[in-house]
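Student: I am new to this structure and would like to go through it step by step. Where should we begin?

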Amino acid sequence: MEVCYQLPVLPLDRPVPKHVLSRRGAISFSSSSSLFGAPDPRQLSQRRGAISYDSSDQTALYIRMLDVRVRSQVGFEPERRSSHPYLCIDFRTLHTPLGGCGSASVSAAPERRVHRLLSFQRYLHSSRLLRGVPQQIPLHILDEDYTGQAKCMLEKVGNWNFDIFLFDRLTNGNSLITLTCHLLNQYGLVELYQLDMVKLWRFLVMVQEDYHSGNPYHNAVHAADVTQAMYCYLREPMLSRSLTSRDLLLGLLAAATHDLDHPGVNQPFLIKTDHYLATLYRNTSVLENHHWKSAVGLLRETGLFSHLPADDRLNMERDLGSLILATDISRQNDYLSRFRTHLDQNDLCLSNASHRHFILQMALKCADICNPCRPWELSKQWSEKVTAEFFQQGDIEKKHKLEVSPVCDRESSTVGNIQIGFMTYVAEPLFAEWARFSDTRLSQTMLGHMGLNKASWVGLQQEQISGSEEAESATAAAATATAAQQEGNALAAARGTSSKEISQGSRES
């Protein structure tokens, strides 16, 4: 039995049709047939979906459902944990005009509504439910020993050697929720801003849900790691003396949501596949805009700041976006040049709100790519994870006959080569300038770790080259010996005797 769902993209300059319900913070589906009812195999049901918070707020209509046909089968096996979230989509049909799906079936069944499908991640989860596949929900039950160990780790959350992988295991995969909530309470921001704990917890749970656990790198653990690094930077003397409570709140929230709903592929991939997000954001900071708008969507849906004045809420959302947009790696040189100019002219004044905001942007940029600056045991794991995600994208590109993106071809790239290049051209220039701004023990520790890690990757590369050369030499020697033996046998055969008989005759003589 096969069901076809047609999800057309609605243009931003047109109002939402009446049959698409503009419910605040939810996707509403309007259909003439029951959503969960058993469909007639001879007919196709049509779904139309859009996201809206207020029909008058055009900026809130930031996500449109995919303009693709999503086909599912009853009894289809659940998506594997390591599979890519986009593998179920044929990228060649992303912007192909829909046709041949037939008209929607007319049914007297009551209309059903689906709520809280704000992200592609939740859309996939919903599709599993539509196929009748039960969701694999982990048991969030920890014994007292694990909980106690997690609390002990939180007491040292400001340590640069903080092992986020261990912490994630101790919290049963809830490292982002636990860490962010702890830091907000530690700074007294929950009490200061009178945040409702139920709304805050719901917001953090939804944020963690919207990170794709199937991504090797861009997942909730990465977000937790960036949040912990951001906390380390916020504690630096240059920042701790100057930042306001609003700056602290924005910095932590931006770190926790900076990669929200990341698809596991990069911006060039979305552009060359004509993905709807690339069209929506006009090929400019596509992922970062999506992360920001997704975070705003969750803030509005949970009403976390609903008790604040409207102007304050809008300013919070705008500044949150400014921080997240700064993590666009394609704009790295712009921010680095501006940072270097400020340091050369020595004109940074952290009593100035705009200068403080710029430093927050630079801090978030450092936190986002700080993996090379961690101790080798942690840095190596992150390096392998990000490379696995690159190669995963390259495999998808090969599968769909697309040009393979740089560093995404597992046949021509290695973890060591990628990391050495990243440290040399991206990480080292950034952290060298950060050390000029904040010349502290932490800055020197990060530079020291990065130097050692780079040397380790160079050593591993040389070992691999030496090993491959030795293997090639051994193979060549074996091939030469085999060729000599074959030549001897051929010569003996030509003389009517074997090489063994020739050697025996020579010994007798």
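**Pocket, helix and ring pairs**

Tutor: In this predicted model, the lining of the second largest pocket is made up of 16 nonpolar, 16 polar and six charged residues.

Student: What is the volume of the second largest pocket?

Tutor: The pocket is lined by 38 residues, and those closest to its centre are His218, Asn266, Ile329, Phe390 and Phe422. Its volume is about 1,000 Å³.

Student: Which element gives the most residues to the lining of the second largest pocket?

Tutor: The elements that give two or more residues are α10 (267-272), α12 (286-302), α15 (353-368), α16 (376-399) and α17. With six residues, the one that gives the most is α16.

Student: How far apart are the end C-alpha atoms of helix α17?

Tutor: Helix α17 covers residues 415-437, which is 23 residues. At 1.5 Å a residue, the helix should span 33 Å. The model agrees with that, since the end C-alpha atoms are apart by 31 Å.

Student: Where is the kink in α17 centred?

Tutor: The kink in α17 is about 45°.

Student: What kind of aromatic pair do phenylalanine 162 and phenylalanine 167 form?

Tutor: Both phenylalanine 162 and phenylalanine 167 are buried. Their rings are 5.5 Å apart, centre to centre, with 55° between the planes. Planes under 30 degrees apart would count as stacked and over 60 as edge-to-face, so an angle between those limits makes a pair tilted. The pair of phenylalanine 162 and phenylalanine 167 is tilted.

Student: How many residues apart in sequence are the parts tied together by the pair of tyrosine 187 and tyrosine 231?

Tutor: Tyrosine 187 and tyrosine 231 form an edge-to-face pair, 5.8 Å centre to centre and with 70° between the planes. Tyrosine 187 lies in the loop between α4 (175-186) and α5 (189-192), while tyrosine 231 is in helix α7 (residues 220-234). The pair therefore ties together parts whose separation in sequence is 44 residues.

Student: Is tyrosine 231 buried or exposed?

Tutor: A residue counts as buried under 20% relative accessible area. Tyrosine 187, at 27% relative accessibility, is partly exposed. Tyrosine 231 has a relative accessible area of 5%, so tyrosine 231 is buried.

Student: Which residues do ring pairs link into a cluster?

Tutor: The count of aromatic pairs comes to eleven. Ring pairs also link residues into a cluster, and its members are Trp160, Tyr233, Phe339, Phe358, Trp434 and Phe437.

Student: What is the phi of asparagine 283?

Tutor: Most residues other than glycine have a negative phi. Asparagine 283 sits in the loop between α11 (276-280) and α12, and is partly exposed at a relative accessible area of 40%. Its phi is positive, near 60°.

Student: Is asparagine 346 buried or exposed?

Tutor: Asparagine 346 is not a glycine, yet has a positive phi of about 55°. This asparagine is placed in the loop between α14 (332-345) and α15. Because its relative accessibility is 68%, asparagine 346 counts as exposed.

Student: How far apart in space are arginine 410 and aspartate 395, C-alpha to C-alpha?

Tutor: Arginine 410 is in the loop between α16 and α17, and is partly exposed with a relative accessible area of 42%. Arginine 410 and aspartate 395 are 15 residues apart in sequence. In space, their C-alpha to C-alpha distance is 8.3 Å.

Methods
Residues are numbered from 1 along each chain as its sequence is written. This is a predicted model: local features need pLDDT of at least 70, side-chain atom pairs count only at pLDDT 80 or more; totals for chains, interfaces and linings use all residues. Side-chain values use heavy atoms; hydrogens and water are left out. Helices (H or I, at least four residues) and strands (E, at least two) are DSSP runs, numbered from the N terminus. The expected span of a helix is 1.5 Å times one less than its number of residues. The bend at a residue is the angle between axes fitted to the seven residues ending there and the seven starting there. On a 1 Å grid over the protein atoms alone, a cavity is a set of points where a 1.4 Å probe fits but cannot get out, and a pocket is an open set with protein on both sides within 12 Å along at least five of seven lines; lining residues have an atom within 4 Å of a point. Grid points are joined across faces, edges and corners, and a volume is the space filled by probe spheres set on the points. Ala, Val, Leu, Ile, Met, Phe, Trp, Tyr, Cys and Pro count as nonpolar, Asp, Glu, Lys and Arg as charged, and the others, Gly among them, as polar. Rings of Phe, Tyr and Trp (its six-membered ring) pair if their centres lie within 6.5 Å; planes under 30 degrees apart count as stacked, over 60 as edge-to-face and the rest as tilted. Buried means under 20% relative accessible area, exposed over 50%, partly exposed in between (1.4 Å probe, protein chains only).
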